[in-house]
Amino acid sequence: MTAMVLLLLGGFAKADEPAWKLVWSDEFSTGTRPDTKKWVYDVGGNGWGNVELQTYTTRSENARIEDGHLVIEARNEPWTGADGIQRDYTSARLKTAGKASWTYGRIEARIKVPKGQGLWPAFWALGSNFNSVGWPTCGELDIMENIGREPSIVHGVMHGPGYSGDIGKQIDRTYTLSGGKSFGDDFHVFIIEWEQDRIQWFVDGIRFSTVTPSTLPAGKQWVFNKAFFVILNVAVGGRWPGAPNTSTKFPQRMLVDYVRVYQRTTAPAPRVRLEVFPDRVEARWPLAYPQALLDRSSDPDSPWVLLKTDGRRNDEEFIAVVTPGLYRLRWTP
Ligand SMILES: [Ca+2]
C-alpha cells in the first residue's frame, strides 16, 4: 500500500508555536464588479507622483470581475477625467483604505500580470496614516512590482522616510523567473510575511528578500510596525517604466485570482490526513496552514524541497496529491 511508506511530519515547530489564520480575503468569485464593501477606487490622472500617463476610472471597462478573477484593464483610448484633461490611457486602481487594514500578517495574491513596454502592474501596501503624514513617511511596501521592459523580473520594494524612490534609496530586491519565462505568461503567488521589525518577500513560496531595521540606511526610522492597507493597480508609463511604444499591445489586463490576508495565531500542530484512493494518495490539512508550505524530501539525508503542486482546496482543507516520500508541513519561516 502506497501510504505505508509515506511519512508526514508536523513541521519542526512546537505545538504552541503560531500558525496562520485567514482573516480577510477576496476570491473575486461573485458579482461582476469589485466588492465595494472591500475596495475603494482611486480616481484621476494627476500622474500619481510618477508622471504616469493613465486616468484611473471606476468603469467596468477598467475594473471588473470575470471568471473568478479581478480584471484590471489598461486601455489606449482618449479619456477626459474630472480634471478636464484628456489623456490617452485609462486603467484602474483599487485599495482597501478605509475598509480594511492590518498590522502584521501574511499578505498574498495570485496574479497574472499584463505585458508590454510601459505597463506597470503592482500589488502593494501603504501605511494607513498616509492622509495625515503623507508619503514616504507613511511607509510603502511593494509586494510585487513589474515593469514591461523586465518581463522575467518582479521587484519587492520598501519605501520610508529617508529611503524612498524619489531619492533613489528605496530597498529594492528582485526575483527573476528561470529559463527566460515571463511573469505575464502565467499566474504566480506574491507574498509578504510581515511581523514586528521583519518583512520577508516570496514568489511562489520562494523567499527572495528579508528586510529588518538593520537593513535601512543608518539612523533611518522603521515605519512598518503599524497598520497598512492594500492596493492593486496597473499604471501606464511614468518615470520608471517609461512610455508605451509601438510594440505595446492594448488593452492589457492584470488578472487577480485572489487576495488573502493571514495573521498568526496560536494553533495546535497541524494534522495531516491521508486519503488513499485506488489511483492516488491525497494529503489534506486545515486551511490555517497555507498550501504553499508542504515540503518534500526523497530521503532523510536529502534537502527539503517545496512541493510544487497546484493542489486544491475545499471549505476546510488544502488537498495535495502526494507520492511516496518524506514530507513536512511547514508553517513558520
Ligand atoms: Ca478567484
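Burial here is a neighbour count: a residue is buried if 20 or more other C-beta atoms lie within 10 Å of its own, exposed if 12 or fewer, and partly exposed in between, with C-beta atoms placed from the backbone. The model is predicted: local features need pLDDT of at least 70, side-chain atom pairs count only at pLDDT 80 or more, and totals for chains, interfaces and linings use all residues. Residues are numbered from 1 along each chain as its sequence is written.

Start with the backbone. Most residues other than glycine have a negative phi, and most peptide bonds are trans. Val 51 is not a glycine, yet its phi is positive, about 55°. Val 51 counts as exposed because 12 other C-beta atoms lie within 10 Å. It sits in the loop between E3 and E4. Helices (H or I, at least four residues) and strands (E, at least two) are DSSP runs, numbered from the N terminus. Trp 48 is found in the loop between strand E3 (40–42) and strand E4 (54–56). Its phi is positive too, near 55°. Trp 48 has 15 other C-beta atoms within 10 Å, so it is partly exposed.

Next come the cis peptide bonds. One runs from Trp 135 to Pro 136, with omega near 10°. Pro 136 lies in the loop between helix H1 (130–133) and strand E11 (140–145). Another cis bond joins Phe 250 to Pro 251, with omega near 0°. Pro 251 belongs to the loop between strand E17 (228–236) and strand E18 (252–266).

Now move to Asp 26. Is Asp 26 buried or exposed? It is buried, because 24 other C-beta atoms lie within 10 Å. Asp 26 is part of strand E2 (residues 18–26). Two residues are in contact if their C-beta atoms, placed from the backbone, lie within 7 Å. Leaving out residues up to four places away in sequence, Asp 26 touches Asp 35, Lys 38, Tyr 258 and Val 259. From Asp 26 to Lys 38 is 12 residues in sequence and 8.0 Å in space, C-alpha to C-alpha.

Finish with a sheet. Two strands pair if DSSP finds at least two bridges between them. An open sheet of 4 strands has the order E19-E20-E24-E23, with antiparallel pairing. Its edge strands are E19 (273–276) and E23 (312–313), each pairing on one side only. Strand E20 (residues 281–286) and strand E24 (residues 317–322) share 6 antiparallel bridges. Glu 282 has Val 321 in E24 as its bridge partner.
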